[in-house]
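Keep the sequence and the 3D view at hand while reading.

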Amino acid sequence: MIQYKPLWETMKKRNMTTYTLRFHFGISHATVQRLQEDLPVTTHTLNKLCQNLNCRLEDIAEYVPDE
């Protein structure tokens, strides 16, 4: 399962909120909700996050094997 815990940690370090994602990066409210619930998002969204946060993929997502 892909989890987005690293995204929230990266954002916290940079004093960013979901408001930043929606209004500064142009990510829809529905997509932010999907990220919060660790649901699948498109690679376009992941790319957009990496570009806007100037970070690597592992700074926003991680793979955790299902139990």
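Which residues in helix α4 (residues 43-53) are buried?

## Helix α4

The model is predicted. In α4, the buried residues are Thr45, Leu46, Leu49, Cys50 and Leu53. They lie on the same side of the helix, because they cover an arc of only 135° around its axis. The face turned away from this buried side carries Thr43, His44 and Gln51, which are exposed.

The buried residues of α4 pack against three other helices: α1 (5-13), α2 (18-24) and α3 (29-36). Just after α4 comes asparagine 54, with a positive phi of about 50°.

## Helix α1

Helix α1 can be read in the same way. Its buried residues are Pro6, Leu7, Thr10 and Met11. Seen down the axis of α1, these residues fall within an arc of 135°, so they line one face of the helix. On the other side of α1, the exposed residues are Lys5, Lys12 and Lys13.

What do the buried residues of α1 pack against? Their partners are the helices α2, α3 and α4, together with β1 (2-3) and β2 (62-63). Asparagine 15, which follows α1, has a positive phi, near 55°.

## The nonpolar core

The largest nonpolar core has 16 residues. Those with the most contacts inside it are Tyr4, Leu7, Leu21, Leu49 and Ile60. Helices α1, α3 and α4 each supply at least two residues of this core, and α4 gives the most, with four residues.

Leaving aside residues up to four places away in sequence, leucine 7 touches Leu35, Leu49, Leu53, Asp59 and Ile60.

How many aromatic pairs does the count come to? The count is one. The pair is formed by the rings of tyrosine 19 and phenylalanine 23, whose centres are 4.6 Å apart. Their planes are at 35°, so the pair is tilted; planes under 30 degrees apart would count as stacked, and those over 60 as edge-to-face.

Both residues belong to helix α2. Because they are four residues apart there, tyrosine 19 and phenylalanine 23 are separated by about one helical turn. Tyrosine 19 counts as partly exposed, at 46% relative accessibility. Phenylalanine 23 has a relative accessible area of 55% and is exposed; the cut-off for exposed is over 50%.

Methods: Residues are numbered from 1 along each chain as its sequence is written. This is a predicted model: local features need pLDDT of at least 70, side-chain atom pairs count only at pLDDT 80 or more; totals for chains, interfaces and linings use all residues. Side-chain values use heavy atoms; hydrogens and water are left out. Buried means under 20% relative accessible area, exposed over 50%, partly exposed in between (1.4 Å probe, protein chains only). The arc is that of the directions from the helix axis to the C-beta atoms. Contact means heavy atoms within 4.5 Å. Rings of Phe, Tyr and Trp (its six-membered ring) pair if their centres lie within 6.5 Å; planes under 30 degrees apart count as stacked, over 60 as edge-to-face and the rest as tilted. A nonpolar core is a set of buried Ala, Val, Leu, Ile, Met, Phe, Trp, Tyr and Cys residues joined through side-chain atoms within 4.5 Å.
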